[in-house]
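Hi,

Here is the structure I promised to pass on.

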Amino acid sequence: MKNVLLIDSGSGGINILKECLRVCPNGNFLMFCDNKNLPYGSKSNDFLIDETLRNLKEIRKSFEFDVVVIACNTLTSACIDSCRESFADVEFVGTVPAIKVALGKYREDEIVVLGTEVTIKYNKLISKFPNIRCKMMPDLATLIDEHLDDLSMIEGYLRAELGGLDAKALVLGCTHYVAVKDMIEEILPGVSVFDSANGVARRLKSILGEECGGYSVKIVTSRNDDMWAKLWHYFVSG
């Protein structure tokens with residue numbers, strides 16, 4: 001089996017990991033949650049590139065990854081090209097907003113992308129569709145990870161930010177936001193909500209192949225605090 005590394009700043013990577021295991025349960029999976037640098041959405045591109053390359057070099061000393069899933073829209077936007085240049089022998093799978101899926105059902109002007117500042121400013125896919133509106137949610141990823149054990153605590157924040165939003169389709173431009181997808185659908189009844197997890201999982205399956213030979217999962221964090229316990233609880237409870 002191939003070694004697959006997933007990297008994100010927190011629980012967003014868990015959402016991608018869950019879908020990858022559902023679609024292609026075939027590999028040794030290591031989920032690296034860089035909670036020391038949560039949230040990635042508030043960091044500069046240069047910082048994200050330098051820190052990610054450093055993390056990958058350190059991780060490779062003990063986990064010889066064949067495939068790296070950048071389970072974060074922000075990180076994909078900022079540094080996937082640099083990662084591919086520095087690790088030419090590794091397959092990289094990025095995460096981008098599911099805009100093309102939404103466009104299969106809705107017009108550009110009916111779609112709103114929720115995301116971090118870095119994703120909205122620098123994502124190449126978003127820039128191709130000027131009529132798609134974007135809404136920055138700079139605090140949401142951090143709030144989700146702070147309240148993984150009781151996500152109802154952020155319902156008020158979501159209602160204040162999203163209540164009355166004029167859209168027919170909402171694209172989640174941050175993998176963390178999948179945790180509150182059901183809550184968003186409740187706040188905006190009738191609005192279709194799209195996320196990237198299945199697209200990433202299907203791309204990984206095309207690399208790993210069809211065989212389902214079983215899998216192993218390990219979750220590690222970059223800072224020792226209570227985040228690991230929250231992430232593991234969230235992983236096994238979903």
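This is a predicted model: local features need pLDDT of at least 70, side-chain atom pairs count only at pLDDT 80 or more; totals for chains, interfaces and linings use all residues.

**Helix 1 and what surrounds it**

I'd start with helix 1, which covers residues 12-23. The helix has twelve residues and spans 17 Å from first C-alpha to last, close to the 16 Å expected at 1.5 Å a residue. How many of its residues are buried? Ten of the twelve, so helix 1 is mostly covered. The buried ones are Gly 12, Gly 13, Ile 14, Asn 15, Ile 16, Leu 17, Glu 19, Cys 20, Leu 21 and Val 23. The cover over them includes strand 1 (3-8), strand 2 (26-33), strand 3 (67-70) and strand 9 (214-221), along with helix 10 (197-208) and helix 11.

Take helix 11 (residues 227-237): its axis and that of helix 1 come within 10 Å and cross at roughly 35 degrees. The crossing is right-handed. On the helix 1 side, the contact is made by Ile 14, Asn 15, Leu 17, Lys 18 and Leu 21, and these meet Leu 231, Tyr 234 and Phe 235 of helix 11. By class, that contact comes out as six nonpolar residues, one polar and one charged.

With helix 10, the axes come within 8 Å and the crossing angle is roughly 50 degrees. Helix 1 and helix 10 are therefore oblique to each other, and their crossing is right-handed. Helix 1 contributes Asn 15, Ile 16, Glu 19, Cys 20, Arg 22 and Val 23 here, while helix 10 brings Ala 197, Asn 198, Val 200, Ala 201, Arg 202, Leu 204 and Lys 205. This contact has seven nonpolar, two polar and four charged residues. Asn 15 turns up in the contact with helix 11 and also in the one with helix 10.

**Helix 2 against helix 3**

Another pair to check is helix 2 (45-60) with helix 3 (residues 73-86). They pack at about 50 degrees with their axes 9 Å apart, which makes helix 2 oblique to helix 3. The crossing is right-handed. From helix 2 the contact takes in Asn 45, Leu 48, Ile 49, Thr 52, Leu 53 and Leu 56; from helix 3, Thr 74, Leu 75, Ala 78, Cys 79, Ser 82, Cys 83 and Ser 86. What about charge? That contact has no charged residues, with eight nonpolar and five polar.

The peptide bond from Leu 38 to Pro 39 is cis, with omega near -5 degrees.

**Asp 145 and Lys 230**

Leu 38 comes up again as one of the contacts of Asp 145. Asp 145 belongs to helix 7 (residues 140-146). Is Asp 145 buried or exposed? It counts as buried, at 2% relative accessibility. Leaving out neighbours within four places in sequence, Asp 145 touches Ser 9, Gly 10, Ser 11, Leu 38, His 176, Met 227 and Lys 230.

Lys 230 is in helix 11. The C-alpha atoms of Lys 230 and Ser 11 are separated by 8.8 Å, although the two residues are 219 apart along the chain.

Thr 221 is in strand 9 and counts as buried at 18% relative accessibility; the cut-off is under 20%. Beyond four places in sequence, Thr 221 touches Phe 32, Cys 33, Asn 35, Trp 228 and Leu 231. Leu 231 is also part of the contact between helix 1 and helix 11.

Leu 170 lies in strand 7 (residues 169-172) and is buried, with a relative accessible area of 0%. What does Leu 170 touch, not counting residues up to four places away? Val 112, Leu 114, Leu 165, Ile 184, Leu 188, Val 191, Ser 192, Val 193 and Phe 194. Asn 45, from the contact between helix 2 and helix 3, is 26 Å from Leu 170, C-alpha to C-alpha, and 125 residues away in sequence.

Cheers

Definitions and conventions
Residues are numbered from 1 along each chain as its sequence is written. Side-chain values use heavy atoms; hydrogens and water are left out. Axes are lines fitted to C-alpha atoms, for helices over the stretch in contact, and angles run from 0 to 180 degrees between N-to-C directions. Helices (H or I, at least four residues) and strands (E, at least two) are DSSP runs, numbered from the N terminus. A crossing is left-handed if the near helix is turned anticlockwise from the far one by less than a right angle, and right-handed if clockwise. Contact means heavy atoms within 4.5 Å. Ala, Val, Leu, Ile, Met, Phe, Trp, Tyr, Cys and Pro count as nonpolar, Asp, Glu, Lys and Arg as charged, and the others, Gly among them, as polar. The expected span of a helix is 1.5 Å times one less than its number of residues. Buried means under 20% relative accessible area, exposed over 50%, partly exposed in between (1.4 Å probe, protein chains only). Angles under 35 degrees count as roughly parallel, over 145 as roughly antiparallel, 65 to 115 as roughly perpendicular and the rest as oblique.
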